[in-house]
Amino acid sequence: AAAAFAPVADDGFEFGVVTIMKASYGFIKCCQRTADLFFHFTEVAGGEAAVSVGQEVRFRPKLEGDRRSSKPVAAQVSPAPKGSAVFETVSPQVRRGVCRDRLVFARGYPERGGG
């Protein structure tokens, strides 16, 4: 499921976190997609040294994707400020009940309904 509050720029860029780095490529866990996106170091602004595992990044998904797999890939990858990548876990299971305590939201999640 898509993250309800994940930041999305009008310019087509998305946010995520680098999860794997190999010799010339890596993978990004995306805020708005369930599948990780592949990226090649030639797509990283500043080259390989500009990103590391666990770092938040900004990227543009390229829908034409990888020639071999036809999956989307990440293009124009660049480091993003800490707190840019916001993830939300959404469960399809419906729960009913009463909240006895005030709901507390993680940083970056807006509070709805005035409290």
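Predicted model: local features only at pLDDT ≥ 70, side-chain atom pairs only at ≥ 80, totals over all residues.

**Salt bridges and their setting**

Author: Happy to! The protein chain has 5 strands and 0 helices, so its elements, read from the N terminus on, run β-β-β-β-β. Of its 115 residues, 28% are buried. The chain exposes about 8,000 Å², and carbon and sulfur atoms supply 52% of that area.

Now to the part you asked about. Side chains of opposite charge can pair when their charged atoms come close. How many salt bridges are there here? The count comes to 3.

Let's take Asp11 and Arg58 to start with. Their side chains meet in a salt bridge, with 2.5 Å from N to O. Asp11 lies in the segment before strand E1 (14–21), while Arg58 belongs to strand E4, so this pair ties together parts of the chain 47 residues apart in sequence. Are these two partners buried or exposed? Asp11 is partly exposed at 34% relative accessibility, and Arg58 is partly exposed too, at 25%.

Next come Arg33 and Glu14, whose side chains form a salt bridge at 3.1 Å, again N to O. Arg33 is in the loop between E2 and E3, and Glu14 is in strand E1; the two are 19 residues apart, and the pair links distant parts of the chain. Arg33 has a relative accessible area of 25% and is partly exposed. Glu14, on the other hand, counts as buried because its relative accessibility of 10% falls under the 20% cut-off.

The remaining pair is Lys62 with Glu43, where the closest N and O atoms are 4.0 Å apart. Here Lys62 sits in strand E4 and Glu43 in the loop between E3 and E4, so parts 19 residues apart in sequence are tied together. Lys62 is partly exposed at 31%, and Glu43 is partly exposed at 26%.

With the charged pairs in place, we can turn to the nonpolar residues. The largest nonpolar core has 12 residues, including Val18, Ile28, Leu37, Phe39, Val57, Phe59, Ala74 and Val77. At least two residues of this core come from each of strands E2 (25–30), E3 (37–40), E4 (56–62) and E5 (73–79). A second, separate core has 5 residues, among them Phe15, Val17, Cys31 and Ala80.

Which residues does Ile28 touch, leaving aside its neighbours within four places in sequence? Its contacts include the core members Val18, Leu37, Phe39, Val57, Phe59, Ala74 and Val77. Ile28 is also in contact with Gly16, Val17, Thr19 and Asp36.

One last stop is Ser84, found in the segment after E5. Ser84 is buried, with a relative accessible area of 13%. A polar atom of the Ser84 side chain lies 2.6 Å from the backbone oxygen of Pro81.

To gather up your part of the picture: the salt bridges are Asp11 with Arg58, Arg33 with Glu14, and Lys62 with Glu43. Strand E4 holds Arg58 and also Lys62, while strand E1 holds Glu14.

Note on methods: Residues numbered from 1 in each chain as written. Heavy atoms only, no water. Core = buried A, V, L, I, M, F, W, Y, C linked by side-chain atoms within 4.5 Å. Buried < 20%, exposed > 50% of the residue type's maximum accessible area, 1.4 Å probe, protein only. Helix = DSSP H or I, 4+ residues; strand = E, 2+ residues; numbered from the N terminus. Contact = heavy atoms within 4.5 Å. Polar contact = N/O pair within 3.5 Å; in protein donor to acceptor, adjacent residues only side chain to side chain. Areas by Shrake-Rupley, 256 points an atom, 1.4 Å probe, with all protein chains shown as cover.
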